[in-house]
Every structure is written in structure tokens, then in C-alpha cells.
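Please read the following walk through one protein chain with the sequence and the model at hand.

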Amino acid sequence: MTLNYYEHYERIYRGIYDHGIYIDPRTDYKYYISVSEMDPNHGGSKVVGAFLHLFNPIRISSPSNKENAIENVRDTIKSLSNSKYLSSDKYLILKLYQYFLEVYASEKTKFERYIIELFETTGYNPKFWNNTDRNLYEPERSMFIHDEMDILKSILIQSCDIDSVESQWPRTIQTSKFNIYEYFYNYLLMDWNIQIVPKRVMNKNTQTFVDYKQNPFIISDKEQRLKDEIISIKANYKLEDRIQFFK
């Protein structure tokens, strides 16, 4: 599958999205998902709200035990999966719940009253604070949320197979996919930069998420052919003429 080329992604760089935006990967979806650092209860993103609830539930609510937490996550996955239509936001939320099902089920994940210890399993360290705590100054709240937005981004890209159009660099997509010449064919033709980060997958033996990198010296015949094709077209055609070769 090759991602359709959407020119409006280029304007993300000049936009207001500090953490970039996420691409809805479903066929023919030209929509993207933006997230906000605002409190989800006051106009912020539902994706962020779901993530904070799963990653650091002390701020909202806490399941009574590990089995209860796993059951709640499974119920939500079932409900979302059975929906006739999933908005882009709900699609991202489904991906997060599927990730956290693996996290919660890991023997490394420890549950205590009001606290879930996720660091050993995920490698990410939640900042435990209550967003209603008036003893925290606003800059401190913003710092905590900003850090967790970075963690959310890492989880989506590295473990949920979601790609991000970056806001800090023009024409740049961050991904953990291995087949970049097939999937981002049209974008590479248009001089986009594809920034690859390691996948993070569950190691069944250690019960933790670990980096999984493809051997850079191993590339499939199809990927090599598409790479050579892109290089050849770019060498012989101007940028504005390359659209005729889109897949």
C-alpha cells in the first residue's frame, strides 16, 4: 500500500502544531489528527485524555486491581472495534488501548491502589501528579503535560504504527515503518524527508517493550526497485512534473 499524497500536509510546518500531527493510515483518509496540550476536560484532545487516563490514571480514576484494568481495556477495544464508523480520533484511541492491553497484561506491570507501575514494561516514566492540584504552578503543569505529549508521540509512532508529519522541520514525516519506499513513494518523489525511528515491540520473554531495528544492509527486492525508481525519476524530472508518476 502507498500513502496518497496530500498537499495540505506541507502547511503543517507553518502551523501551530508543536508536536506535529498524526496521519490517519486508513485507505483514502486524507484527514489527520492533531492533539492539544490543553486539559481534555476543557477543550483538549480526546486522544490526550485517553492516553493520560491509561498512562497515569491517578489524575482521573484508577481500576481496583490489575484484572479489572485489563477487563476495562478489553471492553473498550471491543466496543471501538465493533463501531460502524471510527473517526480519526477514535482510531488513534483504539490503537492506544491495544498497546496498553499488552502493557497491562505484562507481568512487569505492577498495580497498587491509585498507582500503576509501567516503567519496567514501557521504558517510559509517568509523572504522577493531580491536574487539580492547585499547589502546582502553571509552568510546572505545562512541563509535565509537554513531557507526556512527547511520550504519547513515541508510543504512537514506535509501537502503534502511526506516522507523524513534523511541525519543526518542513516536508518531514517520522515513522517506524520498514517499507518506506513503497509506503511513502509519492512523498519521497516530492522531496520529503522520511525520518525513521526504531519500532518498539513487546518481547514475550522479558515481558517488556524493546527496540526492534531492521538490519540496514537488508532491503527487499521490491524496496530496492522502488528506491532506484524514485532516484531515477528525481534525476530526470522537475518537482512539478513528478506527480504523473504517483502511485
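Helices here are DSSP runs of H or I with at least four residues, strands are runs of E with at least two, and both are numbered from the N terminus.

The model is predicted: local features need pLDDT of at least 70, side-chain atom pairs count only at pLDDT 80 or more, and totals for chains, interfaces and linings use all residues. Residues are numbered from 1 along each chain as its sequence is written, and side-chain values use heavy atoms, with hydrogens and water left out.

The chain as a whole has eight helices and nine strands. Of its 247 residues, 45% are buried. Buried means under 20% relative accessible area, exposed means over 50%, and partly exposed lies in between, with a 1.4 Å probe and protein chains only. Contact means heavy atoms within 4.5 Å. Among contacts between residues at least 6 apart in sequence, 59% join residues at least 24 apart.

Back to α3. Its buried residues are Ser-88, Tyr-91, Leu-92, Ile-93, Leu-94, Lys-95, Leu-96, Tyr-97, Tyr-99, Phe-100, Val-103 and Tyr-104. Two other helices pack against α3, α1 and α2. Two packed helices are described by the angle between their axes and the distance between the axes. The axes are lines fitted to C-alpha atoms, for helices over the stretch in contact, and the angles run from 0 to 180 degrees between N-to-C directions.

Take α2 (residues 66-81) to begin with: its axis comes within 9 Å of that of α3, and the two cross at roughly 150°. That makes α2 roughly antiparallel to α3. Angles over 145 degrees count as roughly antiparallel, under 35 as roughly parallel, 65 to 115 as roughly perpendicular, and the rest as oblique. The crossing of α2 and α3 is left-handed, a term for a near helix turned anticlockwise from the far one by less than a right angle, with clockwise being right-handed. On the α2 side the contact is made by Lys-66, Ala-69, Ile-70, Val-73, Arg-74, Thr-76, Ile-77, Leu-80 and Ser-81. These meet Lys-90, Ile-93, Leu-94, Tyr-97, Gln-98, Leu-101, Tyr-104 and Ala-105 in α3. The residues of this contact of α2 with α3 divide into eleven nonpolar, three polar and three charged. Ala, Val, Leu, Ile, Met, Phe, Trp, Tyr, Cys and Pro count as nonpolar, Asp, Glu, Lys and Arg as charged, and the others, Gly among them, as polar.

How are α1 and α3 oriented to each other? The axes of α1 (residues 46-55) and α3 come within 9 Å and cross at roughly 10°, and the two helices are therefore roughly parallel. From α1, the residues in contact are Lys-46, Val-47, Ala-50, Phe-51, His-53, Leu-54 and Phe-55, and from α3 they are Asp-89, Leu-92, Ile-93, Leu-96, Tyr-97, Phe-100 and Tyr-104. The contact of α1 with α3 has eleven nonpolar residues, one polar and two charged.

Asp-161, in the loop between α5 (138-159) and β5 (164-165), has a phi near 60°, a positive value in a residue other than glycine. Asp-161 is partly exposed, at 34% relative accessibility. Gln-207, in the loop between β8 (199-203) and β9 (208-212), also is not a glycine and has a positive phi of about 60°. Gln-207 is buried, with a relative accessible area of 17%.

Asp-150 lies in helix α5 and is partly exposed at 36% relative accessibility; Asp-150 and His-19 are 131 residues apart in sequence and 7.5 Å apart in space, C-alpha to C-alpha. Ser-167, in the loop between β5 and β6 (172-175), is buried at 9%. Ser-167 and Ile-21 are 146 residues apart in sequence, with 7.7 Å between their C-alpha atoms.
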